[in-house]
Amino acid sequence: MEEIKKKRILHILASGGYSGAENEVIAVIRNLSNKYDFAYVSPSGPIQEILRKEGILHLEISGPSSKEIARIVKGWQPDLIQAHDYRTSVASSLARTKVPIISHLHSNPPWLKTINPNSLAYLLASFGISCIIGVSSSIIDEYLFRSFIKNKYLTLPNFTDSQNVLAKAVENIYDHSYDLAFLGRLEEPKDPLRFITIVNEVAKELPEVKSVMIGSGTLEDECSNLIKQLHLEKNITMVGFKDNPYAILNQAKLLVMPSKWEGFGLAAVEAMVLGKPVFATKVGGLPSIVDHKCGFLCEDNEEFRVKIVNVLKDADLYTTLAQGAQIKARQFTNVKDYLQKLSMIYELYL
């Protein structure tokens with residue numbers, strides 16, 4: 001009996017790094033590879049070693065340009081393109097390959113709200129896109145030209161593979177323990193510099209507070225310099241990029257997310273799976289994840305300081321929030337439901 005050939009789906013990402021969106025794509029490929037053939041397209045970077053360990057095909061591009069995407073499509077001949085975030089969505093549309101495109105948006109940058117080259121480019125690209133998936137309703141709500149894309153937009157919140165997070169948290173033994181953790185790219189959207197200033201404020205009341213910053217990015221030197229400038233070398237440890245950040249996150253009490261903007265806020269759910277209360281800003285999808293039962297949404301640095309100090313000083317409050325975090329995380333860990341919905345979207349265009 002002739003084997004039925006599986007449909008091919010191409011995931012395209014703009015960088016070779018590893019963060020929330022990349023983690024999500026890998027989980028999808030891991031769980032749906034029995035139904036579809038996948039390839040992961042991105043520039044070179046830390047993601048390559050992770051993909052190698054996962055046994056996922058990586059097709060390298062020099063950057064997310066229409067020319068590079070057209071080259072990959074011609075060579076691999078996919079049946080469907082899933083372009084992650086704005087740059088790859090625009091480039092995929094401009095490539096004019098005639099392959100259906102799903103634009104999967106993981107963030108809501110400030111330029112969505114105004115007329116500018118980025119918002120106009122995405123508007124024009126959207127006419128060549130079959131479907132737009134957003135990880136939170138805030139993306140469509142904030143897009144100035146939402147009326148043009150609303151009929152092809154749907155919200156599909158990210159999911160977290162809780163079993164994978166829990167398994168990796170105990171995969172490596174990490175000796176150090178921390179009070180506060182920052183997990184994410186050291187880039188403007190995540191605002192790592194603000195995390196450092198928050199730690200500085202907390203340290204004025206709790207001089208022995210210990211914090212860890214997990215991640216790398218273009219602000220790495222600025223973060224290091226600010227830590228030295230504020231004399232926080234004993235309070236903050238930068239550990240750089242880790243392909244398994246959960247072993248370190250598991251050794252912290254709290255996760256702090258001072259983001260300027262977020263699409264969903266996957267790191268918050270991952271921390272909550274591990275029973276870590278989350279202190280975050282009210283941006284993107286974070287208000288749908290964090291509430292007073294599992295952490296706090298904070299308006300300014302002073303509120304971050306007060307809330308964090310109160311929880312670190314009150315063991316009973318900490319225990320209550322930690323338990324609440326694990327309970328709330330269950331809302332975002334239904335892998336089966338997410339994969340069924342995504343598969344239904346795929347089948348519309350295959």
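A: Happy to! The buried residues of helix H5 pack against helix H4 (86-95), strand E5 (101-105), strand E6 (131-134) and helix H7 (146-149), where contact means heavy atoms within 4.5 Å. Helices (H or I, at least four residues) and strands (E, at least two) are DSSP runs, numbered from the N terminus. This is a predicted model, in which local features need pLDDT of at least 70 and side-chain atom pairs count only at pLDDT 80 or more, while totals for chains, interfaces and linings use all residues. Residues are numbered from 1 along each chain as its sequence is written, and side-chain values use heavy atoms, with hydrogens and water left out.

H5 itself spans residues 117-126, and its buried residues are Ser 119, Tyr 122, Leu 123, Ala 125 and Ser 126. Because these residues cover an arc of only 165 degrees around the axis, they lie on the same side of H5; the arc is that of the directions from the helix axis to the C-beta atoms. On the face turned away from that buried side, H5 carries the exposed residues Pro 117 and Leu 124. Here buried means under 20% relative accessible area, exposed over 50%, and partly exposed in between (1.4 Å probe, protein chains only).

Now for the start of H5: there, a side-chain oxygen of Asn 116 comes to within 2.9 Å of the backbone nitrogen of Asn 118.

Lys 328, in helix H15, is buried, with a relative accessible area of 11%.

Conventions: Polar contact = N/O pair within 3.5 Å; in protein donor to acceptor, adjacent residues only side chain to side chain.
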